[in-house]
Amino acid sequence: MIANSLYWNFVPVALLTLGLLGWAAKKKHVTLKTVGIVAVALISLFFYALYNPHIRFTRGSSETIRNYGFVLAALIGLPLAIWRSSIANSQAKSAQDQTVNSQEQTKILANNHLAETYTKAIDQIGNNKEAIQLGGLYALEKIAQKNHDYHGQIMEVLCSFVRLHAPRRTEEQIEKEIERELPKIIVQTALTIIGRRNVKHDTSPDGKNKVVIDLSGANLMGAHLGGADLIGAVLIGTNLIGANLNQTDLRRANLTGADLSEADLREANLEGSIITQEQFDSATTDKDTKVPEGIINRHATPDPSTNLE
């Protein structure tokens, strides 16, 4: 009877104790070492009870011993299961941390590579050799297309590059010219890149800043900007004589003092732009050229002499 009483009192207490300690170990309230010590103590207590001569077994001693065997298995297995579960969780967390660190490291390396590529491209466009300059310009375009953060800065660099390499000439220099000189290849390349940029990136990622294409005072005589997006561009005093601006979007552009003589403005959109009637009339236009308020497009206005009434 003593053995049976020991069994029914010892087993629930032992299992409950190990269960609570296992939960506490998972929550890191106690260490696995503590769980192991308690498990060893309970196992020792079990063997003490089993071999104690003062504890008498009844006729069902074989069944009691078998039950004790089950208890022993539980006492050994439960700490082992808790230990293995804890090790598995620790390994999973370690693997997760390694993945996060790897991703962060990859991002850092990519950003460093991008910064190095950008710096190299800037150095290239500052070179005296045209071929190297062209390589730098195309490298900047590639960066701007793939990285929104660099877009605005690169457009500013390209505009500065154009103004630097194509300054507006004086009246005396223009008068001495026998033939019109087309823009340099590097200048035209920069203009082409500006014209075909991803305009969705013109607004900064945080939405606070917007790219402004500033080509003020540049000599863009004979330049090809057909179909370019120059919305809101600053073209104050820009030489656009004979420039191809066919189908160019010049909405809200500032054309104050710009020379548009013989510039091709057919199908261009000038709505909201700052331009005078004299400037507009000096360019080549058609009925599809859209004009701002106050400017008359004579191609789109019916000729009074054709009125039969």
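The model is predicted, so local features need pLDDT of at least 70 and side-chain atom pairs count only at pLDDT 80 or more, while totals for chains, interfaces and linings use all residues. Residues are numbered from 1 along each chain as its sequence is written, and side-chain values use heavy atoms, with hydrogens and water left out.

Let's start with the overall layout. The protein has eight helices and zero strands, where helices (H or I, at least four residues) and strands (E, at least two) are DSSP runs numbered from the N terminus. Of its 309 residues, 37% are buried, meaning under 20% relative accessible area with a 1.4 Å probe and protein chains only. The protein exposes about 18,900 Å², and 56% of that comes from carbon and sulfur atoms; these areas come from the Shrake-Rupley method with a 1.4 Å probe. For contacts (heavy atoms within 4.5 Å) between residues at least 6 apart in sequence, 41% join residues at least 24 apart.

Now step inside. The largest nonpolar core contains 50 residues; such a core is a set of buried Ala, Val, Leu, Ile, Met, Phe, Trp, Tyr and Cys residues joined through side-chain atoms within 4.5 Å. H5 supplies the largest share of this core, seven residues. Leu-245 is among the residues with the most contacts inside the core. Beyond its neighbours within four places in sequence, Leu-245 touches residues including Leu-225, Leu-240, Leu-260 and Ala-268.

Next, look at Asp-249, in the loop between H7 and helix H8 (277-282). Is Asp-249 buried or exposed? Asp-249 counts as buried because its relative accessibility is 16%. Its side chain makes a polar contact of 2.7 Å with that of Arg-251; the term covers a pair of N or O atoms within 3.5 Å, where within protein one must be able to donate a hydrogen and the other to accept it, and residues adjacent in sequence count only if both atoms are side-chain atoms. Leaving aside neighbours within four places in sequence, Asp-249 is also in contact with Ala-228, Asp-229, Leu-230, Ile-231 and Asn-269.

Finally, the largest cavity has a volume of about 60 Å³. A cavity is a set of points on a 1 Å grid over the protein atoms alone where a 1.4 Å probe fits but cannot get out, and its lining residues have an atom within 4 Å of a point. The lining includes Glu-141, His-151, Met-155 and Arg-197, and H4 gives the most to it, with three residues.

Conventions. 1 Å grid on protein atoms, 1.4 Å probe; cavity = no way out; pocket = protein on both sides within 12 Å on 5 of 7 lines; lining within 4 Å. Points joined across faces, edges and corners; volume = space filled by probe spheres on them.
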